[in-house]
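Hello,

I am passing on a structure that you have not worked with before. Please open it alongside this email, and my notes follow below.

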Amino acid sequence: MSLESVRHFFAEHAPDIAIIEMPQSTATVEQAARVHGVTPGQIAKTLSLKVKERVVLIVTRGDARLDNRKLKAALGSKARMLSVDEVVNWTGHPVGGVCPFGLETPLTVYCDVSLRQFDEVLPAAGSISSAVRITPQRMADLTAATWIDVCETP
């Protein structure tokens with residue numbers, strides 16, 4: 001169902017973008033980088049967070065870590081990661097396949113500025129073995145994301 005919602009999203013908003021489905025899992029940054037032949041930084045991981053009473057998604061490069069100080073300054077409060085069940089309920093996507101496309105519930109999306117270091121990134125596409133190749137700016141445009149600086153990069 002989740003992959004189907006992403007398929008529908010791209011059919012409606014960006015029919016030129018193809019979903020890449022792999023026979024093996026790409027659920028972790030390391031797996032996805034290896035399978036797609038890119039650096040871990042090019043994997044666009046989507047983090048599901050609760051900030052006060054709202055749920056937000058933050059898309060960042062795969063090898064970045066959230067900086068709690070920057071996150072609190074940008075979002076105005078501390079944040080906590082959603083549980084596995086909460087992730088599925090809010091996004092409609094399984095952990096390892098979470099992306100900002102085809103969401104179960106409309107959510108605010110943020111893209112970390114670290115993504116801009118790449119011409120192309122690979123976010124998941126709603127399953128643990130799917131992805132899309134997309135420019136960071138196009139991903140932000142398609143999801144109405146706001147650019148923020150909330151990560152530490154290697």
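Which residues of helix α2 (residues 29-36) are buried? In this predicted model, they are Val29, Ala32, Ala33 and His36. Looking down the axis of α2, you will find these buried residues within an arc of 100 degrees, so they line one face of the helix. Just after α2 comes Gly37, with a positive phi of about 65 degrees.

Next, the nonpolar cores. The largest one has 29 residues, and the members that touch the most others are Phe10, Phe101, Cys111, Leu115, Val132 and Met139. Two or more residues each are supplied to this core by α1 (2-13), β3 (54-61), β6 (108-112) and α5 (136-143). Helix α1 gives the largest share, four residues.

Setting aside neighbours within four places in sequence, Leu115 is in contact with Ala44, Val59, Thr60, Arg61, Val121, Pro136, Met139 and Trp147. Another core, of 11 residues, lies apart from the largest one, and its members include Val56, Leu71, Leu75 and Ile148. As background, nonpolar side chains tend to be buried together in soluble globular proteins.

Enjoy looking around, and write back with any questions.

Best wishes

Notes. Residues numbered from 1 in each chain as written. Predicted model: local features only at pLDDT ≥ 70, side-chain atom pairs only at ≥ 80, totals over all residues. Heavy atoms only, no water. Buried < 20%, exposed > 50% of the residue type's maximum accessible area, 1.4 Å probe, protein only. Arc of directions from axis to C-beta. Core = buried A, V, L, I, M, F, W, Y, C linked by side-chain atoms within 4.5 Å. Contact = heavy atoms within 4.5 Å.
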